[in-house]
Amino acid sequence: FTARPDLVFIDLFPPSRLAAPEVSMAAAVITTLRAYIAAFNAHNIEATLSHLDADVQVFLEGSLAAEGRETIKPSYVGDFEAGKQVSIVEEPVVVEEDGSLSKVKVVLQTGKTRLDVVYTFRVSDLKQVKHEISNVVTVE
């Protein structure tokens, strides 16, 4: 290779163009929620539980229904033994972010049961710390 001073080389791919795009917190939380639903649908108990904080709280229609990952585990086992699958009826939407927590609302259906769920994620590790279940209805 012989250097030619009359040629100018332009860097078409500067490092800033090659860097991975920054993922927004909203996108990260929604991706994590989808991974949790996929783990549930695969009936993978360990993967499902890995998304939950040890002290996760589950509220049903505003009342505390269960607290703690180990307390909730038997309900997942029962769901898996029954062959339950969850589908997304309305796409997840981030409804609140405050820097340490992010809340995502989604409408789900399992069998003939449709429900609204707000999942609260701790931003630092994307663990679910709260499930708020409401508007549970039977659909035909």
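Which residue in E5 does valine 106 stand opposite? I will get to that after a word on the model.

This is a predicted model, where local features need pLDDT of at least 70, side-chain atom pairs count only at pLDDT 80 or more, and totals for chains, interfaces and linings use all residues. Residues are numbered from 1 along each chain as its sequence is written, and side-chain values use heavy atoms, leaving out hydrogens and water.

The protein has four helices and six strands; helices (H or I, at least four residues) and strands (E, at least two) are DSSP runs, numbered from the N terminus. Along the sequence the pattern reads α-α-α-β-β-α-β-β-β-β. Of the 140 residues, 32% count as buried, meaning under 20% relative accessible area with a 1.4 Å probe and protein chains only.

Now strand E4, residues 101–110. Seven of its 10 residues are buried, so E4 is largely enclosed by the rest of the structure.

On one side of the pairing is E3, residues 87–97, which runs antiparallel to E4 and is joined to it by seven bridges. Two strands pair if DSSP finds at least two bridges between them. Serine 87 has glutamine 109 in E4 as its bridge partner. Three residues lie between E3 and E4 in their hairpin, and glycine 99 in the turn has a positive phi of about 100°.

E4 also pairs with E5, residues 113–122, in the antiparallel sense over 10 bridges. Here is the residue I asked about: valine 106 stands opposite valine 117. This hairpin has two residues between its strands, and glycine 111 in the turn has a positive phi of about 60°.

Conventions
Buried < 20%, exposed > 50% of the residue type's maximum accessible area, 1.4 Å probe, protein only.
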